[in-house]
Amino acid sequence: MSERLKIHTAPSAFPNPQRVRLFMHEKGVADQFDEQLLDMAPGGEQRSWQHYARNPFGEAPTLEWADGSTLSETPAIVHYIDQSYDGRKVTGDDALTQARDMMWDQRCYLHVLLPIVTMFHVQHTGLGFKLEPTHNPAWGESSRKKAIAHAGIVDTHLADGREWLLGGDEPSLADITLCTAVAFGKFGPNETPLDERFEYIAAHWARWKQRDAFKQAYGDGGSGLDELSHLST
Ligand SMILES: N[C@@H](CCC(=O)N[C@@H](CS)C(=O)NCC(=O)O)C(=O)O
């Protein structure tokens, strides 16, 4: 890769930008990108016209080329980088492994991480009313129950002794998404520490905490978790 791309991103507390950051460190390419940190909250830079021009959904992460073209949605960014840059194939070397990674990534994203994010927004109005005008505690509590129930299914999958969701020696994107879901469950008012409820998710989280990629990705000191404050560089 000759051109150095910009990645519009956020501190490590924000789970989708963090999925990409963790992936980049796992792949070993983080230093090949220019990180542009958006002031997400309370600034709300992601909802400015400048950022809507890059991403019509007003979200991070977003990758940007020098000619102004962009790519958004975490799995799309991850798959593009995984296929185009040197380093291990984090999303899998063959079609079936890639498909299985996509399956578990979708499950961890849609059924565990996203409901926690929904709770953060609608129950706690986590980004403030400027950015999240909907306050609906019942929806938030229902989302929380959904996240916990589905984390139980993921925990059962891990219970056969496998270290990572696909059963390999190293984590894939699905593991990255589960990791950020666990971190975000612990964040601020969410108060849903999945590692305290589930034995095999606890082991998965503990395994992550030993990895260099994890230590680098959370080294920004922006996770909001006391548990990770020692990683701040
Ligand atoms: N489906 C998108 C979701 C991105 C997303 O939800 N980003 C959040 C941060 S975790 C965001 O930018 N939120 C800002 C806002 O909603 O104002 C992806 O996979 O990248």
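Predicted model: local features only at pLDDT ≥ 70, side-chain atom pairs only at ≥ 80, totals over all residues.
## Nonpolar core

The largest nonpolar core holds 51 residues. Phe33, Ile81, Leu194 and Phe214 have the most contacts inside this core. At least two core residues come from each of H1, helix H3 (74-84), helix H4 (95-122), helix H5 (137-158), helix H6 (173-186), helix H8 (199-210) and helix H9 (212-217). H6 gives the most, with nine residues. In soluble globular proteins, nonpolar side chains tend to be buried together.

Ile81 is one of the residues with the most contacts inside the core. Residues up to four places away in sequence set aside, Ile81 touches Phe23, Met24, Lys27, Val29, Phe33 and Leu63. Among these partners is Phe33, which is also listed with Ile81 for the most contacts inside the core.

## Largest cavity

The model has one cavity of 30 Å³ or more. The space in the largest cavity is about 60 Å³. Its lining consists of Ser12, Ala13, Pro15, Gln18, Thr180, Ala183, Phe184, Phe187, Tyr218, Ser223 and Leu225. H1 and H6 are the elements that give two or more residues to this lining.

H6 supplies the largest share of the lining, three residues.

## Asn16 in H1

Asn16 belongs to helix H1, which spans residues 15-27. Asn16 counts as buried because its relative accessible area is 17%, under the 20% cut-off.

The side chain of Asn16 makes a polar contact of 2.7 Å with the side chain of Arg19. Beyond four places in sequence, Asn16 touches Ala60, Pro61, Thr74, Tyr109 and Leu113.

## Ile201 in H8

Ile201 lies in helix H8. Ile201 is buried because its relative accessibility is 0%, and buried means under 20%.

With neighbours within four places in sequence left aside, Ile201 is in contact with Ala151, Asp155, Leu158, Leu178, Val182, Leu194 and Asp195. One of these partners, Leu194, is among the residues with the most contacts inside the largest nonpolar core. Between Ile201 and Cys179, the C-alpha to C-alpha distance is 8.9 Å, at a separation of 22 residues in sequence.

Methods:
Residues numbered from 1 in each chain as written. Heavy atoms only, no water. Helix = DSSP H or I, 4+ residues; strand = E, 2+ residues; numbered from the N terminus. Buried < 20%, exposed > 50% of the residue type's maximum accessible area, 1.4 Å probe, protein only. Polar contact = N/O pair within 3.5 Å; in protein donor to acceptor, adjacent residues only side chain to side chain. Contact = heavy atoms within 4.5 Å. Core = buried A, V, L, I, M, F, W, Y, C linked by side-chain atoms within 4.5 Å. 1 Å grid on protein atoms, 1.4 Å probe; cavity = no way out; pocket = protein on both sides within 12 Å on 5 of 7 lines; lining within 4 Å. Points joined across faces, edges and corners; volume = space filled by probe spheres on them.
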